[in-house]
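Hi,

I am passing a structure on to you, and I would like you to have it open while you read. My notes follow below it.

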Amino acid sequence: MPKLWDETIEAHRRAVRDAILNSTAELAAEHGVRSVTMSQIAEQAGIGRATLYKYFPDVEAILFAWHDRQITEHLGQLAEIRDRTDGAGDRLEAVLRSFAHISRHSGGHHGTELAALLHRDERVADAQRQLHDMIRDLLAAGVRTGDFRGDVAPDELATYCLHALTAAAALPSDAAADRLVTVTLSGLRQGGAVPDDRKPARRHAHDGHHTGRSAH
């Protein structure tokens, strides 16, 4: 079979698969996961049921495939932004802003039946690890250039960033998401030393005394 013919067939298959994924996600968001049927998906995608079953066995498998595509696209987008931005500080800021916007625009599924289903997907944990490692490495580079604080391990700071910025899913606008990133970055740039393990214990020992004298 000629190569051009092979490419045409593959392009057609990708187009059909994309139509299936998009139609299923739209139906699930509109009607709920449990209400979606394979017949509805086939009709909305403009294909026959027999063709649909050649691609996927059931609705859940389609939704997992759709989610996998979303995750892959988001990670690719963040990696592209990282690679095209110069300077350690600017690079991390660009990635964090993009992640916050992704979180906000993905927030439509937050707390829904669809979200509950999709977060059973093991691909989610793998994507979170990849994203954490990306942020950690950017932070480590920023520590070396003096852009970010060096008194907390980059691994811990990466966890802090990701937990903080997932809150963007509940924000009303991109401007609010940008403000959240600005607040997060200010914490990364603070240079204050972290107390050692004994200091909290010493402070706690004086909590109950109201002598008016400062602890030494």
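How are helix 5 and helix 7 oriented relative to each other: roughly parallel or roughly antiparallel? They are roughly antiparallel, because an angle over 145 degrees counts as that, while under 35 counts as roughly parallel, 65 to 115 as roughly perpendicular and the rest as oblique. I will come back to this pair after some background.

First, the ground rules. This is a predicted model, in which local features need pLDDT of at least 70, side-chain atom pairs count only at pLDDT 80 or more, and totals for chains, interfaces and linings use all residues. Residues are numbered from 1 along each chain as its sequence is written, and side-chain values use heavy atoms, with hydrogens and water left out.

The overall picture

The chain has ten helices and zero strands, where helices are DSSP runs of H or I with at least four residues, strands are runs of E with at least two, and both are numbered from the N terminus. Along the sequence the pattern reads α-α-α-α-α-α-α-α-α-α. Of the 216 residues, 35% count as buried; buried means under 20% relative accessible area, exposed means over 50%, and partly exposed lies in between, using a 1.4 Å probe and protein chains only. Among contacts in the chain with a separation of 6 or more, 67% are between residues 24 or more positions apart, a contact being heavy atoms within 4.5 Å.

Helix 5 and its two partners

Two packed helices are described by the angle between their axes and the distance between the axes. Here the axes are lines fitted to C-alpha atoms, for helices over the stretch in contact, and angles run from 0 to 180 degrees between N-to-C directions.

Back to helix 5 and helix 7: their axes come within 8 Å and cross at roughly 150°. The crossing is left-handed, meaning that the near helix is turned anticlockwise from the far one by less than a right angle (clockwise would be right-handed). On the helix 5 side the contact includes A88, R91 and L92, and on the helix 7 side it includes L131, M134 and I135. The residues of this contact divide into eleven nonpolar, two polar and one charged. For that count, Ala, Val, Leu, Ile, Met, Phe, Trp, Tyr, Cys and Pro are nonpolar, Asp, Glu, Lys and Arg are charged, and the others, Gly among them, are polar.

Helix 5 (residues 88-105) also packs with helix 4 (residues 59-84), at an angle of about 155° and with the axes 9 Å apart. Helix 4 and helix 5 are therefore roughly antiparallel, and their crossing is right-handed. H74, Q77, L78, I81 and R82 in helix 4 meet R91, A94, V95, S98, F99 and I102 in helix 5. That contact divides into six nonpolar, three polar and two charged residues.

Beyond its neighbours within four places in sequence, V95 is in contact with L78, I81, R82, M134, I135 and L138. V95 and I81 are 14 residues apart in sequence, and their C-alpha atoms are 6.3 Å apart.

Helix 8 and helix 9

The axes of helix 8 and helix 9 (residues 174-188) come within 10 Å and cross at roughly 160°, and this pair is therefore roughly antiparallel. Helix 8 passes helix 9 in a right-handed crossing. L157, Y160, C161, A164 and L165 in helix 8 meet L180, V181, V183, T184, G187 and L188 in helix 9. These residues divide into nine nonpolar, two polar and no charged.

- R149 sits in the loop between helix 7 (122-145) and helix 8 (154-165). R149 counts as buried because its relative accessibility is 16%. Its side chain reaches the backbone oxygen of G187 at 3.0 Å.
- T24 lies in helix 1 and counts as buried at 0% relative accessibility. Leaving out residues up to four places away in sequence, T24 touches I41, V59, I62 and L63.
- V36 is in the loop between helix 1 (3-31) and helix 2 (38-45), and at 9% relative accessibility V36 counts as buried. V36 and V59 are 23 residues apart along the chain, with 7.3 Å between their C-alpha atoms.

Enjoy exploring!

Best wishes

Note on methods: A polar contact is a pair of N or O atoms within 3.5 Å; within protein, one must be able to donate a hydrogen and the other to accept it, and residues adjacent in sequence count only if both atoms are side-chain atoms.
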